[in-house]
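Open the model in your viewer and keep the selection panel at hand.

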Amino acid sequence: MNDASQDEGLDADSASRPATAVVVGGGLAGITAALALADAGVRVTLLEGRPRLGGLAFSFQRDALTVDNGQHVYLRCCTAYRWFLGRVDGADLAPLQARLDVPVLDAGAKPGRRLGRIGRTALPVPLHLARSLATYPHLSLAERAKVGRAALALKRLDLADPALDTQSFGGWLAAHGQSERAIEALWDLVGVATLNAVAGDASLGLAAMVFKTGLLSAPGAADIGWARVPLGELHDRLARKALDSAGVRTEVRTRVTSISRPGPIHQDGSISPHENGRWRVQVPGETLDADAVVLAVPQREAHDLLPEGALDAPERLLDIGTAPILNIHVVYDRKVLSRPFFAALGSPVQWVFDRTEASGLKEGQYLALSQSVAQDEIDEPVSALRERYLPELERLLPRARDAAVQDFFVTRERTATFAPAPGVGRLRPGARTEAPGLYLAGAWTATGWPATMESAVRSGVSAADAALDALGRPRDHLVELFEEAA
């Protein structure tokens with residue numbers, strides 16, 4: 001790598017040289033921040049410790065298969081991630097449903113009542129869900145009526161009220177007449193997949209945000225989109241191509257060891273004039289200088305890299321818990337599932353996706369099971385998981401009973417998301433720090449969203465916007481996106 005301090009104009013007055021930035025972390029947050037800064041004319045270096053970009057939404061090879069480490073989806077209301085897809089020329093590769101349609105299979109239901117659907121019509125909110133709720137076979141008539149009343153009460157909640165963050169979603173649901181069955185068959189069906197927590201362990205503020213934005217803001221807000229290609233195609237290859245086109249210098253396998261301000265910091269936050277207010281980023285064998293640094297890494301890594309005084313209470317980052325996700329991958333010798341995905345009830349199976357075409361499999365069918373809230377299973381041996389989940393798939397999918405399993409493997413993300421527990425909102429920092437020129441990004445920062453791809457992209461937008469504001473650089477290209485996503 002070339003030392004960034006050798007950039008043309010480095011020793012000139014800061015007003016006469018190009019603004020420079022270092023983005024630490026090549027996940028969606030870091031990629032977004034780098035693109036937004038580069039689009040404003042900032043000279044950007046992006047550093048990633050792994051051998052590829054994409055953070056926890058990546059792909060790898062297993063023999064002839066291209067495997068995503070986990071199944072990721074987004075919704076039509078995810079305006080920031082949709083912007084990201086467009087920015088890297090990947091929107092056509094991850095299309096949205098024309099209209100929300102989630103098949104829900106109840107393994108324990110009587111024949112003829114196993115399949116239900118969560119869907120919408122084109123009617124205005126909340127009538128767009130009325131037909132689906134009225135015909136949902138997994139709840140009684142009384143439970144459906146109470147769900148409708150709870151949804152209307154949820155719609156009336158003020159997401160800006162900090163008291164919501166201190167309450168549990170499960171407690172709120174119980175207080176609004178929701179039975180254990182209703183929570184399992186509807187509220188947790190959605191909440192577990194989006195929050196990575198059951199209702200009793202989730203912040204009411206975050207849960208209300210998910211349901212109000214996704215299901216109660218616009219008729220099509222919850223329409224589901226997912227990649228029809230490996231995630232690495234979107235978040236690594238196409239992202240790197242976009243970064244290259246924007247003039248971003250991208251370095252992988254490059255781990256940052258320290259971030260510092262050269263020279264003394266005075267009480268007013270200023271530093272010695274000869275340093276021009278720059279930051280110093282240390283990697284093995286090289287020092288990079290920059291006007292701005294965006295730290296877009298997980299919260300524990302951010303805590304370890306933050307210089308002293310950057311946050312009033314940096315220990316709060318360590319109080320943000322994490323939650324695991326387990327992904328189970330099964331390759332059959334024949335087709336056993338005729339729909340692209342489904343959700344399950346009455347079974348340890350949660351969500352199942354057909355990844356056959358995306359993986360490059362030529363014969364048979366490849367299913368990926370996404371298992372959130374996996375604290376009890378994340379460290380179980382593959383043999384135990386195989387013994388548990390293959391019979392469950394046969395219960396849910398009769399055609400699997402006669403099919404041969406050609407491959408069975410698991411991927412584990414032990415710290416897949418931050419834990420959306422009550423009180424987490426006060427722990428999540430914003431993009432700006434107490435150190436001028438240093439910004440934070442990541443799905444765990446204060447985006448208002450749970451730990452999703454949408455939250456990651458929003459955080460990158462916020463960090464770039466704050467940096468451009470401080471640098472006096474144009475932000476017009478972010479105005480529309482920032483109004484929607486920040």
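The tour starts with conventions and then moves through the selections in turn.

This is a predicted model, in which local features need pLDDT of at least 70 and side-chain atom pairs count only at pLDDT 80 or more, while totals for chains, interfaces and linings use all residues. Residues are numbered from 1 along each chain as its sequence is written, and side-chain values use heavy atoms, with hydrogens and water left out.

**Domains.** Colour domain 1 (20-56 + 231-320 + 427-485), domain 2 (59-94 + 321-418) and domain 3 (127-221) separately; the bounds come from an automatic or database domain assignment.

**Helix H1.** Select residues 28-39, which form helix H1. Helices (H or I, at least four residues) and strands (E, at least two) are DSSP runs, numbered from the N terminus. Of the 12 residues of H1, 11 are buried, so the helix is largely enclosed by the rest of the structure. Buried means under 20% relative accessible area, exposed over 50%, and partly exposed in between (1.4 Å probe, protein chains only). Among the buried residues are Leu 28 and Leu 37. After H1 comes Gly 41, with a positive phi near 90°.

**Tyr 81.** Next, show the side chain of Tyr 81. Beyond its neighbours within four places in sequence, Tyr 81 is in contact with Leu 28, Tyr 74, Leu 234, His 235, Met 453, Glu 454 and Val 457.

**Arg 261.** Go to the loop between strand S10 (258-260) and strand S11 (279-283), where Arg 261 is found. Arg 261 counts as buried, at 13% relative accessibility. A polar atom of the Arg 261 side chain lies 2.8 Å from the backbone oxygen of Pro 436.

**Backbone stops.** Which residues have a positive phi although they are not glycines? Asp 63 does, at about 55°, and so does Asn 196, at about 60°. Asp 63 sits between strand S3 (59-62) and strand S4 (65-68) and is exposed, with a relative accessible area of 74%. Asn 196 lies in the loop between helix H6 (180-195) and helix H7 (204-215) and is buried, at 3% relative accessibility. Finish at the peptide bond from Val 125 to Pro 126, which is cis, with omega near 0°.

Technical notes: Contact = heavy atoms within 4.5 Å. Polar contact = N/O pair within 3.5 Å; in protein donor to acceptor, adjacent residues only side chain to side chain. Expected span 1.5 Å × (residues − 1).
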